[in-house]
Amino acid sequence: MDILITGLITGSMLALLAIGFSLIFGVARIINIAHTAFYMVAAYGIFYFSIRLGLNPILSMLISVAFVTLIGVLVYKFIIDPIREHEGAVLIATMTLAMFLQEVILQLFTGDFRSIDFMIGGYFTVAGYKIFYQQLLTFGVVLIMLLAIWFLLMKTRLGLAIRSMAEDREVANLMGMNESRLAMITLAISVALAGFTGAVIGPLMVLNPHMWMEPLIIMMAVVVLGGLGSIKGSFIAAFILGFTEALVVFLVPTGAFLKGPVALIIMILVLLMRPEGLFGVAFEEER
Amino acid sequence: MKKCTLGWRMLLVACIVMAFSLPAWAAKTIKIGVIGPMQSLEGRDHWAGATMAADEINAAGGVKVGNEKMQIVLIKADSNEDKNITDASNAMERLMTKDKVDFVVGGFRTEAVFPMQDIAMDYKKIFIGCGAATDALCDRVGTDYKRYKYYFRGTPFKSSYLAKTSIMHLLACAAVIKKELNAPIKVALVAEKLAWTEGMVKLIQGYVPKLGMELVGTWQPSANATDVTAELSAIQKSGANIIFTVFSGMVGITFARQAGEFKIPALQVGINVESQKDGFWEATKGMGNYVFTMNTYVQGVEQNELTKPFMDGYKKRFKGTPTYTADTYASIKYNLVPAIEAVGSLDSDKLVAFMEAREYLVPSGKVKYEKNKDGVYTHDLTWGPGYLTSVGCQWQDGKLVGVWPNNWMPDPKNYPNLKITYKGMVPIKLPPWMKKQ
């Protein structure tokens, strides 16, 4: 029971991060290494608005998400778009951006550890296992986000355009779709998702300017396991790794620190045995 | 216009005079490198303690070296060692080659202090470690004295003594639980996975059963863990009423906050470096209440006559309580400077010979350097009554208070009347949710 509950909660946190990352890669082939840095900025934003300025936590969350989305759009326009055709350059640029954001946060808030208040305080007990309401909220938000993304992609004209572009960029372009604009919108959605992740997970975390690194590695393990660009794959892989982490902690208590390395080992094994992941497609270089 | 021209000329002349006189001025300084993770509180306290010492000494006229007075100049080196050990080595190398410092104080993470130590030894510069606790750092001095004799431990005392002191704290807490709850003691050991905790974990695992307590399990999360709910769930199921913590990293906040939120019916005792800081209460949103940790300085607690002036001076200048890395203050003011003045030289070899044989007071107790079983100095700090013992402190309703030593009997068999209590101690409190069990 312990493993089941811990796995579900950890998996939902990972899923929320991985879905946004997967979305922008699936649609525009942009590997956004700064994805978790946006989540960090959002978490610090909530800290600043709710703790420093004393604003309402929900309002702080909305402002922070809007703020990181704006940064994301600006980053796309001025950094990613000009070099989009060169995937390696995008990778390096977003990595540099993540480090830049880390340094900005370090200068603004120092390296001291910070915390945000829970949006819903307290906990409840299931079969003797304690669960924070905030963790339940995270789980709920993951489900809502998934439904929202599904609705956006499957039931709206924008979703149709995004899917078309994911299918075949050049044909979508020939059909008159503004590919660059669509990529920008998708990146904005992806960054907003990272922002929401920061908002719901932030209170469960300890804020520090390096908090983007650890989730980045596990998130990439999730995305590789699920299949690059596959949202469904990311969702399932997040829960597989969530349960793996829970198993490590419960079955090998003295090896709890191995949670991260185990995720990396899984990623390496998947890359060796099934490079396209569980639900991914082997992308062709040229179409 | 004429006045202005004259003014500019005077400024130019002053600049030229200053530039030419700089070598002479520079020659009359003692350069001390202060190395630490400057973006973290540990590094900032390295710097704070050192600046306090340097300012006090310089204001009093400087350091008397032979017949001349020298001013202390501090060189800040950001080691970034809590994130990148290579950065730490580079920072130390820069202090040696570019800044050409005479001495170095600081260092925090054992993994980074080892290479820093080697670099300082290569250049035969005295390096006073003010942060890393691993025994091996000073064991090296004893085993290869010729090479490592320039390394001294400034703070804290070594890991095995930290473990020993923590056992005293464990016994003090167990006594309160037995008295108030009349329950058998069950201990859960939770230690972050870092080099400095390895010796402590083994020692505590071996010791706890000998003390008539049950060790229900050992958990080792990462030092940067952001979620320990799984560990806490397992600990609660084990029935532990004491959680023995060995934390220096961020996990100290995560663990204390989540354990407090869940109201885990156990008293946390041991070492939690984050809980030594003023910001702990805010960082845990008040959930760190009743966390007990070993500490060096606690407001209102006095180990000797030097404690209060240091604490007051620090509080006035930096608006807070010093953490143990601020002992760069003691390393400069009570170790380096008196040695330089006594020897009358900056020569490392002459200074080592003088420094290792001294006994002197510092704000946290009294320093005496140890020798190994072969009689070779290890430059490790002596632990025990009359020397350095540290302070046990506990968060009680938003305030960090001193709780140990409070009627501590270090050797009841041989000295049944010897009881040690530092000024400003209060009783240990149990979390109310333990009593409702």
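How far apart do the C-alpha centres of domain 1 of chain B and domain 2 of chain B lie? In this predicted model, the two centres are 33 Å apart. Domain 1 of chain B comprises residues 2-156 + 304-381, and domain 2 of chain B comprises residues 160-295 + 405-435. Where the domains touch, domain 1 of chain B contributes 11 residues and domain 2 of chain B contributes eight residues. On the domain 1 side of this contact there are four nonpolar, five polar and two charged residues.

**Chain A**

Chain A contains 11 helices and two strands. Along the sequence, these elements follow the pattern α-α-α-α-β-β-α-α-α-α-α-α-α. A compact globule of 287 residues would have a radius of gyration near 19 Å, and chain A, with 19 Å, agrees with this. Along the principal axes, the C-alpha atoms of chain A fill a box of roughly 60 × 45 × 35 Å. Of the 287 residues of chain A, 47% count as buried. Considering contacts in chain A between residues at least 6 apart in sequence, 73% join residues at least 24 apart.

**The contact between the chains**

On the side of chain B, 30 residues are in contact with 29 residues of chain A. The elements that give two or more residues to this side of chain B are β8 (214-219), α9 (229-238) and α10 (251-262) of chain B. By type, the residues of chain B that touch chain A are nine nonpolar, 13 polar and eight charged.

In soluble globular proteins, nonpolar side chains tend to be buried together. Here the largest nonpolar core has 217 residues, and those with the most contacts inside it are Val222(A) and Ile242(B). Helix α1 (residues 2-28) of chain A gives the most to this core, namely 14 residues. Domain 1 and domain 2 of chain B both give residues to the core, so it lies between them. Beyond its neighbours within four places in sequence, Ile242(B) is in contact with several residues, including Leu170(B), Cys173(B), Ile177(B), Val187(B) and Leu267(B).

**A helix with one buried face**

Helix α14 (residues 348-355) of chain B has three named buried residues: Leu351(B), Val352(B) and Met355(B). Seen down the axis of α14(B), its buried residues fall within an arc of 105°, so they line one face of the helix. An α-helix has 3.6 residues a turn, so residues three or four places apart point the same way. The cover over the buried residues of α14(B) includes β5 (126-130), β6 (151-155) and α13 (328-343) of chain B.

Most residues other than glycine have a negative phi, and most peptide bonds are trans.

| Cis peptide bond | Omega |
|---|---|
| Thr155(B) and Pro156(B) | about -10° |
| Trp404(B) and Pro405(B) | about 5° |

Pro156(B) lies in the loop between β6 and α7 (159-181) of chain B, and Pro405(B) lies in the loop between β16 (399-404) and α15 (432-435) of chain B.

Two asparagines have a positive phi. For Asn80(B), phi is near 50°, and the residue is found in the loop between β3 (68-78) and α3 (85-97) of chain B. For Asn182(B), phi is about 50°, and its place is in the loop between α7 and β7 (186-191) of chain B. Is each of these residues buried or exposed? Asn80(B) is buried, because 21 other C-beta atoms lie within 10 Å, whereas Asn182(B) is exposed, because 7 other C-beta atoms lie within 10 Å.

Key: Residues are numbered from 1 along each chain as its sequence is written. Chains are lettered from A and ligands numbered from 1 in the order in which they are written. This is a predicted model: local features need pLDDT of at least 70, side-chain atom pairs count only at pLDDT 80 or more; totals for chains, interfaces and linings use all residues. A residue is buried if 20 or more other C-beta atoms lie within 10 Å of its own, exposed if 12 or fewer, and partly exposed in between; C-beta atoms are placed from the backbone. Helices (H or I, at least four residues) and strands (E, at least two) are DSSP runs, numbered from the N terminus. The arc is that of the directions from the helix axis to the C-beta atoms. Two residues are in contact if their C-beta atoms, placed from the backbone, lie within 7 Å. The radius of gyration is taken over C-alpha atoms; the globule rule is 2.2 Å times the number of residues to the power 0.38. Domain bounds come from an automatic or database domain assignment. Ala, Val, Leu, Ile, Met, Phe, Trp, Tyr, Cys and Pro count as nonpolar, Asp, Glu, Lys and Arg as charged, and the others, Gly among them, as polar. A nonpolar core is a set of buried Ala, Val, Leu, Ile, Met, Phe, Trp, Tyr and Cys residues joined through C-beta atoms within 7 Å.
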